[in-house]
Structure formats: C-alpha cells, structure tokens
Amino acid sequence: MNDPLGTSPGPLGAPDKDPLLVLDRAAKRFGAVHALADGSVTLYPGEAHALLGENGAGKSTLVKILAGVHRPDSGTLLIEGRPVVFAGPADSRAAGVSIIYQEPTLFPDLTVAENIFMGRQPRRAGRRIDRGAMNRAAAEVFARLGVRLDPQRQARGLSVADQQIVEIAKALSLDAKVLVMDEPTAALTAVEVERLFDVMRTLREQGAAVLFISHRLEEVFASCQRVTVMRDGRFVSTAPIGEVTVDSVIRSMVGRDLDALFPKTRTAPGEVVLEVEHLTREGVFEDIGFHVRGGEIVALAGLVGAGRSEVARAVFGIDRRDAGTVRVRGRQLPNGVPAAAMAAGVALVPEDRRQQGLVMDMAIDRNIALASLPRLRRLGLIRRGTERELASDWAGRLQLKFGGMGDPVATLSGGNQQKAVLGKWLARGPSLLIIDEPTRGIDVGTKAEVHRILDGLVAEGMAVLMISSELPEVLGMADRVLVLHEGRITAELSRAEADEDTIMRAATGYAAVAS
Amino acid sequence: MTAQATAPALPTERFARGAALLRARELGIAIAVLLVFAATTISNHAFANAHSIQQLLTGASLIALLGVGETMVVVTRNVDLSVGSVVGLSAYVVGDVFKHHSGFPVLLGYVLGIAIGAAVGAVNGAITTVTRVPSLVVTLAMLYVVRGVDGVVVDGRTIDPGAIPKSYTEVGYRTFLGVPWLALIVAVVVAAAGYAMRSFRASRDLYAIGSNPEAAALAGIPAGRRVFSAFVISGALAGLAGSLFLALHAQVDVTGGNGYELTVVSAVVVGGVAIFGGSGTVLGAALGALLLNTINQALVAAKISSFWNEAVAGGLLLAAIAFDRWLGLRVARSLQSVQGAHRDA
C-alpha cells in the first residue's frame with residue numbers, strides 16, 4: 001500500500017518493463033479542502049489501467065495533476081523514470097501525456113480540424129498554417145476512429161457524443177505515450193464505445209499506457225488489465241483485474257457498509273402532500289401522475305435527459321406546464337408561479353448548487369437566510385443578528401463545517417455547500433422538499449450525513465421528492481421509485497420491488513412494468 | 001445505431017448553411033455599402049463622382065485601420081476603448097515634434113506615432129492580463145488618462161498646417177490611379193492583417209482564447225502573452241492612425257480623435273466580429289467602417305440633419321447585434337430539433 005511500485009504490473013505490462021509514469025503520494029489542497037491526500041498510480045507501457053473511486057474520491061484532481069493544470073503541494077511524478085514538474089498543460093502535453101476530459105473542452109467558433117490541432121497546426125513555409133494538411137490529418141484520425149465527421153465544420157452545435165469524439169481524436173493525433181480518459185464513454189453509444197476500445201487496444205500495442213476512468217464497471221472489466229481504487233482522496237489499492245471482483249472493487253471504493261451510507265428509519269406515511277395529475281409539457285414530458293405523502297421519500301429515477309429535473313421544475317412552477325394539475329395539501333398551485341409553490345410550503349433544492357442554489361460570493365449565513373428573509377423582516381428591514389441566529393441554528397443542525405459564518409459560501413467544500421443549500425430551504429420549514437441530485441459530487445462521508453438528514457426530516461413527517469442518478473442512493477433511500485423514460489413514467493416500484501435491474505430496464509424503455 | 005450512422009449528416013448540412021451565412025457576412029456588408037451608395041446616387045447624382053468616392057474611402061480609412069487592431073482585441077473577448085485618445089495624443093505629439101524640429105524625418109513621424117500607441121497598448125495589455133481586471137474598465141480608464149495627458153501636452157494650442165512638412169501631409173491628399181494613398185495604406189494593412197489572422201498559430205490562439213478561455217488554458221495556450229500582444233498591436237495601429245490623422249487634417253488640437261473608440265467598436269460589431277469573442281475578421285471590421293461612413297455621407301448628401309447620423313449608426317449597431325443573436329438562436333433551435341429526431345430514431 002505504501003509502495004504502489006511493488007504491485008504486480010498485470011498481464012500486459014510485463015514486470016521487466018520500466019514504468020512509463022509513476023505518480024507517488026501526490027497531495028493537493030484547495031483552501032481548507034483536501035482534494036487529494038495521497039494520489040498514487042503507476043502505469044506500465046502497454047497496459048490499460050482503470051482508476052476507480054466514488055465522486056469526490058480525488059480522481060479528477062489526480063487527472064488534473066497529470067494534465068499540468070494543478071501543481072501538487074507534495075509528492076513526485078516520474079515519466080520514464082525522470083522526475084518532472086509541469087508548469088502548465090503545455091508541459092504535460094510535451095511530455096507525452098494526453099487527456100480526454102469528462103467535459104468536452106472545444107472551441108465552438110473554430111472548425112473541428114482546428115480544434116484537434118490547436119496550438120500545433122501543421123505548417124508550411126513561412127510558419128504559415130497548412131489548412132489542407134490539417135484537414136487531411138483530421139480526416140485520417142476520424143477514419144482511424146471509424147466516424148464520419150467533417151473536419152471543416154464548426155464545432156458549435158456538435159452533439160455531446162460528437163464533441164467527445166473530437167476530444168478523442170485530439171488525444172489520438174498527439175500520439176501520446178500516456179492517454180488519460182476521464183469518463184470518456186458517458187455520452188457515447190455502444191458502437192462508439194466499442195470503437196474507442198479498439199483504439200485503446202491499438203495504442204497499447206504501440207506501447208502506450210491508458211489510464212481509464214469510468215463508472216461503468218463492466219467496461220473496466222472488459223478493457224483494463226489493472227485497477228487502482230481511490231477513496232476520500234487516498235490511494236487504496238492496485239491489483240490485476242483478475243484478482244478482483246465487482247463486489248470487492250465496490251467494497252474498497254465505498255469503504256464501509258452500504259447500510260451505514262443509507263440510514264433508513266421506517267415511518268408510516270401520513271397524508272398526501274403533493275398530488276400531480278396528467279402533468280404535461282410539450283416535447284419534454286407527458287401525462288405524469290404521482291403523489292407524495294408526508295413521511296416518505298419518492299425517488300424520480302431515469303437516465304439523464306429523461307425529463308426528471310424538468311418535472312420537478314414544472315411542479316415548482318419554474319417552467320410552465322401545458323396541461324395537468326399540481327396540488328399541495330389539496331390546494332391547486334397556479335401555473336408557473338414559484339412564489340405560490342413556496343408559499344404553499346414547497347422547497348426546491350436544485351441540481352446545480354453553484355449556479356442555482358447559492359450566491360457563491362455571499363457570506364454563508366446570508367446564503368442560508370436568503371429564502372427566509374420575508375420572515376426575518378421587521379418594518380421592512382433585515383437585522384443582521386436575526387439572520388445570523390437563524391443561520392447558526394441550521395448550521396449546527398446540519399453539522400456544517402466552516403471557517404467563519406461571514407466567509408463566502410464558495411470557501412466551503414462541495415458537500416458543505418450542499419448542506420448550506422439544504423439549510424437555506426429547510427429554514428423555511430417546508431412540508432414538501434424537492435431535491436435534485438442531493439449528493440452529486442460530494443465526498444462519501446458528507447454523503448452519508450446528507451442521507452441521515454433526509455431520513456431525519458422524513459421521520460418528522462416531511463414529504464420528499466428526490467431525483468437521483470445514483471442507483472444505490474435511490475434503492476437505499478426511497479420508499480417508492482418512479483422511473484422516467486423519455487418523458488413518461490415507465491414504472492412505479494415499491495421499496496420491496498425496486499432493484500437495480502428493474503429500474504435500469506424501465507429507465508432504458510425495455511420494459512414498462514407499471515404497477 | 002442507425003441513427004448514429006445517418007444523423008450526423010443532418011446537423012452538418014444545416015450547419016454548413018449557418019457557417020456559409022456567417023462567412024457571407026463580409027459579402028452582405030459589401031452589398032449594403034453598394035445599396036446605400038446606389039440609393040443615394042439615384043436621389044442625388046452628384047454623389048457618384050470621383051471626388052465623393054475618394055471622400056468615402058478616406059473618411060472610412062482611419063476607423064478601418066483602428067478596426068483592425070480592435071478586431072484582434074475583441075476576438076479574445078476583450079475590448080480596447082482607449083484608441084480614440086491614442087489617436088489624439090499621437091497626432092498632437094508628432095505634430096508638435098515637426099513644429100519644433102523643422103528637419104525631423106517624415107518617416108520617423110510615423111514611427112513616433114506607432115511607438116506612442118504601442119506604449120499605451122502595452123500598459124493596457126499588462127494591466128488587463130496581470131490584474132485580470134476586465135479590459136472594458138482598464139481601457140475606459142486609460143481613455144481618460146490619455147485624454148488628460150493629451151490635454152496637458154496640448155495646453156490649449158493647435159498644430160497648424162504650416163508647421164507640418166508638405167511631404168508628410170501628401171499622404172493625406174495624394175491619390176494613385178484615383179485611389180487615395182490613405183485608403184491604399186489601410187487596404188494593405190487590412191489585407192496583411194487578414195492574412196495573418198488566418199495563417200499563424202499565434203493569431204489562431206487569439207480566436208481560441210475568445211471562443212473558450214478554459215479550453216484555451218487546457219490546450220496550453222499562453223493566453224496572457226497573446227492578449228498582451230493584441231493590445232500592443234491595437235495600440236500601435238491607433239498610434240499609426242494618429243500619425244495619419246495629422247497627415248490627413250494637417251492640423252490638430254485637443255479634440256483630435258474624440259469619440260473614435262465608439263465608432264470603431266460599432267464598425268467592428270457591424271462588421272460581424274462577435275462582441276463576446278471567438279469569431280470575426282478584420283476585413284469585416286473594415287467593411288463595417290466603410291458602411292458606417294457611407295451612411296454618414298449619404299445622410300449629408302440627402303441634406304438630413306447630422307444628428308440623424310448618430311441615431312442611424314446606433315440603429316445599425318442594434319440591427320447587427322439582433323441579427324447575430326437571431327442567427328445564433330436559429331442555429332441552436334435547428335440543432336435541437338435534429339437532436340430530438342436523433343432520440344426518436
């Protein structure tokens with residue numbers, strides 16, 4: 001464990017070969033947050049190496065260190081045995097490291113070919129860019145990938161999958177020694193994933209090393225020779241793929257019993273709080289009907305783009321509905337009036353807390369008090385004291401970890417930001433909480449805390465409508481699961497009926513098991 | 001899967017049309033110039049004589065020249081508002097040097113103007129890239145600073161035509177095959193800059209920085225250095241424009257170049273340079289300058305109050321921005337419907 005070099009290099013990375021890249025005990029802090037405490041990974045020529053870990057395990061920070069974006073506070077990086085320090089992304093690229101980021105990083109105004117060759121365009125006499133050669137080279141890379149894309153078209157408007165393909169083409173054209181892929185398959189179709197694996201194989205045969213990050217374990221087992229697991233910013237283990245199983249990998253990723261992650265108090269559901277009938281928004285979702293009782297968590301599951309967040313937005317009134325009714329405690333909500341929903345006791349914690357949930361530069365206490373200001377007002381004025389009192393109260397109840405109440409909310413870690421958003425809405429004392437991706441991008445420990453908070457609220461009788469893309473979270477927390485597929489409810493499952501398989505089938509539209 | 005094989009053709013085709021439309025922007029402005037010219041000529045035949053065409057070109061030249069530098073700055077998602085004051089300062093200082101040193105070489109007059117402008121540009125670039133204060137604020141402040149310095153230097157005086165060597169002012173009125181020298185000089189600068197903006201890695205970096213700053217950083221583009229260079233070039237061209245201003249008018253006081261900065265930004269935007277960076281050409285900006293000046297002269301020829309001139313220029317600016325926005329929305333919508341079809345397939 002302290003010696004990642006000593007682990008077996010696996011079937012393709014023969015032990016007699018010297019490692020291409022060694023990252024040893026790299027650490028990186030951002031303010032008070034330890035994004036990476038011990039990032040260690042060793043890549044041998046010719047291997048595909050999986051890097052696994054939950055959201056917040058430090059994988060992306062590790063990738064950005066390899067990319068030269070972040071400079072580690074401590075630790076060493078060796079490339080072909082030589083210690084290197086990257087001053088910026090250009091250094092990393094020059095050292096033969098090529099990165100495919102999770103989020104495509106294209107220039108929308110430039111052509112596809114120029115996107116691939118930015119900063120290293122083929123040139124002719126007089127250092128002038130040779131556009132013909134550049135377009136041909138791009139076409140060649142696309143041919144290698146087996147995709148049809150016009151090198152001369154503008155990158156603006158490419159589908160996410162096509163953008164990802166341009167990213168892959170960029171990395172390929174570099175003839176990198178080390179190729180790092182941060183969830184490259186998330187937006188790709190099965191055929192494209194197959195092609196990507198072919199390309200990975202070719203690269204490995206040429207002696208390159210691939211560091212592959214994916215949440216799809218089946219892909220990892222199909223394409224990688226070794227696997228490194230990280231948890232809470234630390235290296236956990238490296239092992240040949242043959243020596244691990246899906247279960248053992250998940251156990252080392254999570255590092256604790258699933259029960260501890262998903263506390264669940266049995267509560268008898270109370271009266272119906274939210275009743276939605278025939279809710280329709282044209283082209284987005286259709287004929288959505290469900291109810292949520294006090295004291296229960298109803299989960300909206302489904303693939304990204306199935307319309308889950310959109311349903312929540314229409315219920316809350318951010319988007320107008322074209323048809324259908326929304327009732328809270330029996331009283332109909334007017335169409336498209338969030339203020340009315342708030343007055344009726346509905347709170348919405350959005351998915352994107354940085355953009356929609358918090359005012360990042362504003363103080364922590366002010367953020368928490370923000371949704372409760374009408375209540376705190378005396379003669380139209382807000383007293384700083386009452387504001388702070390309310391915020392401290394909720395910070396304590398949610399075990400918020402912070403420096404000072406007056407610090408900008410941006411200084412909090414992702415998990416604590418999420419708690420702050422929660423506190424902001426809970427301070428209003430809502431009877432229905434709609435929460436979109438409650439634990440996206442936060443570390444395992446805080447995740448469990450957020451779950452415990454939700455469980456506590458439900459035990460007190462609150463109704464919760466939860467949207468989540470993480471199946472374990474849905475299975476662990478929900479009393480009932482509604483599965484959406486392309487804007488329609490394809491299954492309603494009780495806690496007993498719900499399992500990974502039935503949800504995935506309904507989410508992909510293979511089976512409509514409406515009960 | 002079949003959707004994957006067939007669908008990409010659709011957005012590409014739709015896109016090709018959108019892109020062609022954008023590329024045709026320069027053509028569109030050129031046509032607009034001709035239309036305004038033709039319409040004015042019909043109502044006032046005197047408009048089409050050689051002299052007034054020369055005036056059209058000469059009048060647009062300085063703004064077009066400033067537009068070249070401004071384009072380089074704007075494509076990086078920045079803006080240079082200090083150019084008007086730089087024109088004034090460089091024109092006066094060069095004139096003052098001629099006034100007090102009668103033997104001062106004519107060519108050095110231009111070099112001096114360029115140097116003054118480049119120095120101001122370097123300050124703009126350094127402050128913008130080091131402090132990361134928005135260039136809108138930095139160059140607005142610089143506009144006032146340079147205006148103030150100009151006021152102190154000028155101290156209420158005026159440079160008179162008598163003080164400037166004749167060989168210097170020649171540039172302002174001589175013609176070659178009927179085309180004013182000034183217009184030829186600017187045309188050469190526009191052509192050279194236009195070619196350079198397409199053909200060198202460093203200039204493509206400018207577009208990349210404006211198109212997606214985060215991606216530019218990840219691609220290892222030295223954004224600070226590039227943006228700095230763009231400001232220096234913009235300043236230098238503004239300095240050159242100041243030298244030419246002196247040659248053209250042969251006299252200059254404290255008001256020289258007043259208000260040029262907004263005319264230049266208008267010309268650049270009307271010329272199709274995206275105000276949020278990433279796209280646009282120097283040719284478009286130059287044609288934008290020509291269009292604004294043609295409308296200006298047309299209003300004069302039609303004996304319409306000169307106050308209307310500014311209103312028309314402003315209206316044109318709004319129209320250009322609305323058109324870009326409309327185009328962007330249309331492209332986005334057509335792509336959305338394609339992706340919708342994609343999902344259904």
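The model is predicted. Residues 307–327 of chain B are likewise 100% helix and 0% strand. Their end C-alpha atoms are 31 Å apart.

## Chain A overall

Chain A holds 19 helices and 24 strands. Its C-alpha atoms fill a box of roughly 70 × 50 × 45 Å along the principal axes. The radius of gyration of chain A is 25 Å. A compact globule of 515 residues would have a value near 24 Å, so the two agree.

Of the 515 residues of chain A, 49% count as buried. Contacts in chain A with a separation of 6 or more were also sorted by sequence distance. Residues 24 or more positions apart account for 67% of them.

## D479(A)

D479(A) sits in a loop of chain A, between helix 18 (471–477) and strand 23 (480–485). D479(A) has 20 other C-beta atoms within 10 Å. The cut-off for burial is 20 or more, so D479(A) counts as buried.

Neighbours within four places in sequence aside, D479(A) is in contact with E296(A), I297(A), V298(A) and R495(A). E140(A) lies 339 residues from D479(A) along the chain. The C-alpha atoms of D479(A) and E140(A) are separated by 53 Å.

Conventions: Residues numbered from 1 in each chain as written. Chains lettered and ligands numbered in written order. Predicted model: local features only at pLDDT ≥ 70, side-chain atom pairs only at ≥ 80, totals over all residues. Helix = DSSP H or I, 4+ residues; strand = E, 2+ residues; numbered from the N terminus. Rg over C-alpha atoms; globule rule 2.2 N^0.38 Å. Buried ≥ 20, exposed ≤ 12 C-beta atoms within 10 Å, placed from the backbone. Contact = placed C-beta atoms within 7 Å.
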